[in-house]
Amino acid sequence: MEYKLICIDMDGTLLNDKKVISDKNLKAIRLASEKGVRIAVCTGRIFTSADFFSEILGVKSPVIASNGAYIREKDRDEVVYKSTLGVEKCKKLLEVFRQYSLYPHFYTSNIVFTEKLIYSSRFYEEVNKTLPKDNQVKIMLVKDWNEIFEKYEREIFKGIAVDDDLDKLQCAKNKLKGMDDFEVVSSRFDNFEVMNKGVSKGSAVKILGDYYGIKSEQIICIGDSENDLSMIKFAGLGVAMENGSELVKEAAEYITDSNNCDGVAKVIQKFVLEV
């Protein structure tokens, strides 16, 4: 099969545990691009953060951010797709966060809204220290959520909860999954992320494939976590990382090496470069 698009998750997949793209991964990606294969970064992260790593790749890679709620094509610098939660869904999600005493975080393409620096917002605060100002994620502390929801009604893509109490987190996740409004997935064992119903990495990969005229059987998707399942199942070749969850490994057609051992490069070498 001649593959024309490779969609790669970031954390736990493209990035090693030091949050760096290895030289071997970079080389393989650039060689695949030279062969005419499109490369897409596909992540739960906020767009600004994903875009920074996309630039490091040195290829014109489109970015799928916020688990598929926002897709930006970089050849023409245009938004291919976006799905915002809107005021009422944001309020409904906030109610569930409150019910289970979870700190609320909401994302636009470049802003994290939170009540205090904790979990996701603290993560981005630390990452910002290593980035140029233009690549930093804005972090806004919120006093009035209704004001934020109204002002950014057409910009908020995702809500996220992180907590050390996994039982509480699971109860809240189950409640949201029982509603008709939301798509709920986890990117780590201690979080869940909430988008509009029907929004997923898998649906985003399909949208991107249609945009380029690429069929599902010509697509490779590589990931490690629950939020990667939909794209791994959609792809012609779904690949799990060795460090991935058992759920992802069971769904994948192929299991590559870990994120600390250039697993992405090894997939590209085997199925695209054929070396």
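Residues are numbered from 1 along each chain as its sequence is written. In this predicted model, local features need pLDDT of at least 70, side-chain atom pairs count only at pLDDT 80 or more, totals for chains, interfaces and linings use all residues, and side-chain values use heavy atoms, with hydrogens and water left out.

**Exercise 1.** Find how many helices and strands the protein chain has.

*Solution.* Start with the definition: helices (H or I, at least four residues) and strands (E, at least two) are DSSP runs, numbered from the N terminus. Counting this way gives ten helices and 14 strands.

**Exercise 2.** Work out what share of the protein chain is buried.

*Solution.* First, take the cut-off: buried means under 20% relative accessible area (1.4 Å probe, protein chains only). Next, apply it to the 275 residues, of which 56% count as buried.

**Exercise 3.** Describe the surroundings of D190.

*Solution.* Let's go step by step.

- Place: D190 sits in the loop between β10 (182–185) and β11 (191–196).
- Cover: with a relative accessible area of 9%, D190 is buried.
- Polar partner: its side chain makes a polar contact with the side chain of R188 (2.9 Å). Such a contact is a pair of N or O atoms within 3.5 Å; within protein, one must be able to donate a hydrogen and the other to accept it, and residues adjacent in sequence count only if both atoms are side-chain atoms.
- Other partners: leaving aside neighbours within four places in sequence, D190 is in contact with A161, V162, D163, L166 and L169, where contact means heavy atoms within 4.5 Å.

Technical notes. Buried < 20%, exposed > 50% of the residue type's maximum accessible area, 1.4 Å probe, protein only.
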